[in-house]
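Hello,

Here is the structure I promised to pass on.

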Amino acid sequence: MEKLRDNLIYLRQLNGWSQTELAAKLSVSRQHVNNWERSNKASNPSLNLLDKMSELFVVTIDDLLNADLKAELLSFLKAKRASARNDG
């Protein structure tokens with residue numbers, strides 16, 4: 001669940017939310033969010049919560065669990081900048 005941890009931290013910070021704010025949006029305690037971000041294996045989010053997260057962050061559950069979302073966004077932005085330079 002390391003990818004989930006990394007993606008959760010990245011997406012939360014990208015949206016400018018504290019752990020408390022994300023917890024409120026998911027109707028869980030801040031401690032749950034903290035445990036997920038620390039990869040506490042005793043506290044993995046349920047499928048229902050993963051579904052809520054995917055809707056909230058507008059990504060798939062597969063992306064949350066398996067993708068390197070930060071690297072993918074940086075790669076996308078780099079390609080977009082290169083394309084803009086070539087078009088300009």
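Predicted model: local features only at pLDDT ≥ 70, side-chain atom pairs only at ≥ 80, totals over all residues.

Gln13 counts as exposed, because its relative accessibility is 52% and the cut-off for exposed is over 50%. Gln13 sits in helix H1, which covers residues 2–14. Lys80 is 67 residues away from Gln13 in sequence, and the C-alpha to C-alpha distance between Gln13 and Lys80 is 22 Å.

Now the salt bridges. How many turn up in the whole structure? The search finds three.

Two of them share Arg5. Glu2 pairs with Arg5 at 4.0 Å, N to O. Both residues belong to helix H1 and are three residues apart, about one turn of the helix. Arg5 also bridges to Asp6, with the closest N and O atoms 2.7 Å apart.

Glu2 is exposed at 53% relative accessibility. Asp6 is partly exposed at 34%, and Arg5 is partly exposed at 24%.

Another salt bridge joins Glu37 and Arg12, whose closest N and O atoms are 2.6 Å apart. Glu37 is in helix H3 (residues 30–37) and Arg12 is in helix H1, so this pair ties together parts that are 25 residues apart in sequence. Are these two buried or exposed? Glu37 is buried, at 8% relative accessibility. Arg12 is buried too, with a relative accessible area of 10%.

Best wishes

Conventions:
Residues numbered from 1 in each chain as written. Heavy atoms only, no water. Helix = DSSP H or I, 4+ residues; strand = E, 2+ residues; numbered from the N terminus. Buried < 20%, exposed > 50% of the residue type's maximum accessible area, 1.4 Å probe, protein only. Salt bridge = Lys/Arg side-chain N within 4 Å of Asp/Glu carboxyl O.
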